[in-house]
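Hi,

Here is the structure I promised to hand over. Have a look below, and my notes follow.

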Amino acid sequence: MTGTGIGAPVRRKEDQRFITGAGRYTDDLSRPGQAHAYFLRSPHAHAKILSIDTAAARAMPGVVAILTGDDLAADKIGGLICGWMIHSKDGSPMKAGPHPALAQGKVRYVGDHVAVVIADTYAQARDAAEAIEVAYEVLPAVVDARAAQKAGAPQVHDVADDNTVFRWHLGDKASTDAAFARAAHVTKIDLVNNRLVPNPMEPRAAVGEYDPGNESYTLFTTSQNPHVARLVLSAFIGVAPEHKLRVIAPDVGGGFGSKIFIYAEETVCVWAARKVGRPVRWTSDRTEAFLSDAHGRDHATHAELAMDENGKIIGLRAQTIANLGAYLSTFSSSVPTYLYAPLLSGSYDIPAIYAEVDGVYTNTAPVDAYRGAGRPEATFVVERLVEVAARELGMDPAKFRKRNYVKRFPHQTPVIMTYDAGDYGASMDKALELADYKGFSRRKRESARRGKLRGIGFSSYIEACGIAPSQAVGSLGAGVGLWESAEVRVNPTGSIEVLTGSHSHGQGHETTFAQLVCDRLGVPIENVIIVHGDTDKVQFGMGTYGSRSGAVGMSAIAKAIDKVIVKGKKVAAHVLEAAEADIEFKDGKFTVAGTDRGVGFADVALQAYIAHKFSGQDLEPGLKEGAFYDPTNFTFPAGVHICELEIDPDTGVTTIERWTAVDDFGVIINPMIVEGQVHGGIAQGVGQALHEGAIYDESGQLVTASFMDYRMPRAADLPSFQVGMTVTPCPSNPLGIKGCGEAGAIAAPAAVMNAITDALGHEDIAMPATPQAVWRAAQKNAAMRVAAE
Amino acid sequence: MYAFTYHKPSSVRQAAAMLAKNEDAKLLAGGHTLLPTMKQRLASPSALIDLGAMPELKGIERKGRSVVIGAMTRHGEVAESAVVREAIPGLAELAELIGDPHVRHRGTIGGSVANNDPSADYPAALLALDATVITNKRKIAADEFFQGLFVTALEEGEIVTKVSFPVAQKAAYAKFRNPASRYALAGVFVAKRGSDVRVAVTGASENGVFRWTAAEEALKARFTAKSLEGMAPSPDGMIGDIHADSAYRAHLVGVMARRAVQAATSR
Amino acid sequence: MAIVNMTVNGRAVTADIDPRMLLVQFVRENLRLTGTHVGCDTSQCGSCVLHVDGQAVKACTVLAIQADGSSVTTIEGLSAAGGELHPMQAAFREHHGLQCGYCTPGMIMAAIDIVNRKGHALDETTIRDELEGNLCRCTGYHNIVKAVAAGAEAMGREPIRQAAE
Ligand SMILES: Cc1cc2nc3c(=O)[nH]c(=O)nc-3n(C[C@H](O)[C@H](O)[C@H](O)COP(=O)(O)OP(=O)(O)OC[C@H]3O[C@@H](n4cnc5c(N)ncnc54)[C@H](O)[C@@H]3O)c2cc1C
């Protein structure tokens, strides 16, 4: 390890611009001649559009154009797509309704796009939008997925009667039922995984431009995957040909999944730019973000766990109803299916598993991937089941988990996954020690003396990341392959540009990716620059989500670096007049084996470009290599989080007192950045467990449509976290990386809820465990105590 | 925001004259209620009259047995004021619990009082401390000033210039914050002066800030948290929302009242 | 329209503006100082925090015209371009107090304000309470808290710089 190589806590290269205010986010751009877009959104959750009268609005000052769904149809612009095909149990394909970028005939959720006003200023566009007269025939709405499946519920899309998009299943029902039939004990729970609003601090934004001279388009957008955006916008939506559309995602202020998807607004900005002949810009305000960013989670699950007489788990079954919202967002169908049920084995050896999942339309914002995507939902089911089972069996929850852990690898679960490496017991032992588990009962007594209820909760999560082998995801219904690409360009001076298809929106790729290059090529970190987020620069890429940038994105870079070294050896052989087979590369130097003759990396770079020492026939000039990397498996980060908290039974306020996380992310490139990822994930998971929840009223109005009502985690809500690591290298990629971006959000909710139910002495509380909910549960707790006495 | 004209008079008299001339005009103090409302297009004054340039509206003074605070005094200034900390520490503590540091740098006592948001903190202090609101026209006792949700005794064109707080022997505020907005979900200010005890509750009632007389009576008997054991106002008429239904709110009022008395008696 | 005069990052500026222009719009759009961000429309997130006459304020809830005659410091004004970083900026980098960077300018401006009011020895509880008006979605606040404590201490060691701010 060099001071800036793999494993070093290198301070981030990108920070200089962020701490000085020199970051460049989409809304920071100002384009000559730009016009502003404002979207008129539906105030109704479900309504027919009878007419849209724009005459008065068009006459307002500054108005450039007003466009509606009819204009989209006239220009033959296609609808937004869902890129993952799910088949129901009966083999039928999922029922996807149309998803026009501007409503055509019907609106299906509050915030649905009715029309766009383009004007000289934002204020003018907004003023004019108020003057548009839309006649609606308001229809009854349904916001709850279970209610939406009931007979007589309002129908959101004609294609899906009973609003059910798919009835999917995974696993072997017969063997699972058999396991339950012979079980000595069965634990049953009903859970709701609350709906969340992602809320990256930077709201979504887009600027569309059209260059008539070249008939080409540029889209600046807040995207986690600009190439995928370009592909979808061109191949499916058809706003511009792929080779004439440049998508640039500059600095992006957080995504957490919500900026993966291809949305109506960016589609409209590209399309409208050509129509009005000016750059068209749009920036979401926070209310619009609440209404129209894809939400996360929203599952209702019944789950059961079967144990034999020794407390060994022998079966698990789950039935989940997933609310998909009013339209199928880009990857929405994969989240409650293939990103969820294959994780229901948790870190446990469970021989039989069967899951049924219904995906359901409702009159709510579309639901799609949010940090963890499916895996937090699975972890919550498994870790709540396991905790409750341990309590019912009177076993220590840590011991119960350890008894049931997968201990031999590779391990094939009954639900697709082959766990390749891990040591879950080691993580648990380390976590127990760091958390001072032994001292808990003393601390609990001490809390009790102050009238407080103390609880401790575990979450022994596993996730499948790095998604994933293209062949595997293709067989499961993905519309794309999930490889990654990279190009390593060595300049004649020896400085290096790495072009990557991964996208950084907080993850620190400009630093960690450069560390890999330093490590492998022995060049100073200042001489490496990471280029990403521009489809004109980077050939192709699948973007950043699913904790895949390290495992997949960096592996692609490593592969390209290997090729650079191979080529470098050839160049060095010519320079040193030695046989290529005798050239070794180490610490930034090419040497002839067994001699002290060598040449530095920068010299080789120069020689590669001046090509004086070899002819173009025997060796191509230049030093630039590209690679596509497709992994051989998912990666399986896993770990143990322990939450210790205290409840004030008088008010219901929960205070997190200690948080211990021990994670196994495989090889770590930069521990400082990895720990930061863990911290942020935990905060989001704690947010889900204690604070956050999107609430629609019965008419479909979003009650929590601003930070005034939607409760975000604040600094004072959280303690400092104790983060430890164990390492089992990942065998399925060249770097041994498993991925760390989602772990905290996956682990945390179950740890919190297990701690709360431990403190309360009963299980009857749902997320978010707000002060009000906890107070009610504590009242029940007190009542139970009285009854028992 | 809708368009408006902007004026910055240098005296209260000028401001009053402008208000009289312009029906849709609004006074602008810290702007931390008015501007968010205008940004959401829920208010559309044709003119804003900025009170920011009037030295006569600023400052904190001890006047005999009262502390007098100018209408344009920022929450942060009250929180940090040595005069307030010495005379009525509970009032400084209340100011420190309003919003966040940035909000406290802008928001003013005059704006808060004039706005009479049912979840605002200051109204509880004014009512419990038996404060007097001083305007460009008259003096109004807190008991008469607050008249329900966002309604006050202020007449058209009337400007709050000062608030005068009689010093109490014991006074404290306990606040349960709305988890999201951080306004009071249940805020209770208790004050004891001589044999008089006043308990004012904000954030909880559908009718805005109110005096909880049952608690006052109990505390007059003995000014200790124990006197309020098990007490809570009736949930009838309490606000119910996603964060707290009326029963939980009523319960919290009881808890906050006990905590306020506890704080007041342990100084 | 209305004329506004103010000093921004030490530079005198005059402009003829629509009175409804917010201070944050003025610095971002008129002055092209885009380091100050907008993250919400209800005055809560703190992405827009800058200093007016030395105090941290939410620039999304102040009219530009209200800052007439004031001295405004934005994130861009903390250190000269290419010059030495303000100790609080340096502390955020050193302690990995930022990820996506969007809330960061507001956090740093808020942090300096905390130090100005509360001094250089800040404990964790104080820092967390004082960050009430600043939301971050990336860091879980852990490293922000560390950065603010370290930055506060460093500011104490550099009295001259601080006076210049
Ligand atoms: C994020 C945030 C959090 C907040 N949290 C809290 C909280 O926890 N507790 C709390 O109590 N408040 C809270 N507030 C409100 C804040 O305290 C406001 O500043 C205050 O309520 C209004 O004061 P202002 O000076 O900003 O008034 P402005 O917004 O300027 O004015 C408010 C109203 O009062 C009128 N007005 C102003 N001054 C006078 C006067 N002198 N005479 C007559 N009429 C006048 C105005 O015309 C306007 O109608 C919060 C605000 C924000 C933005």
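Which residue of β5(A) does A37(A) stand opposite? It is I118(A).

Some ground rules before the rest. This is a predicted model, where local features need pLDDT of at least 70, side-chain atom pairs count only at pLDDT 80 or more, and totals for chains, interfaces and linings use all residues. Residues are numbered from 1 along each chain as its sequence is written, chains are lettered from A and ligands numbered from 1 in the order in which they are written, and side-chain values use heavy atoms, leaving out hydrogens and water.

Chain A has an open sheet of seven strands with mixed pairing, in the order β3-β5-β1-β12-β9-β10-β11. Strands (E, at least two residues) and helices (H or I, at least four) are DSSP runs numbered from the N terminus, and two strands pair if DSSP finds at least two bridges between them. At the edges sit β3 (63–68) and β11 (245–248) of chain A, each pairing on one side only.

Now to β1(A), residues 35–41, which pairs with β5(A), residues 113–119, in the antiparallel sense over six bridges. There, F39(A) has V116(A) as its bridge partner. With β12(A), β1(A) pairs in the parallel sense over two bridges, and A35(A) stands opposite V280(A).

Seven of the seven residues of β1(A) are buried, so the strand is largely enclosed by the rest of the structure; buried means under 20% relative accessible area, with exposed over 50% and partly exposed in between (1.4 Å probe, protein chains only). A35(A), A37(A), F39(A) and R41(A) point one way, while H36(A), Y38(A) and L40(A) point the other.

Best wishes
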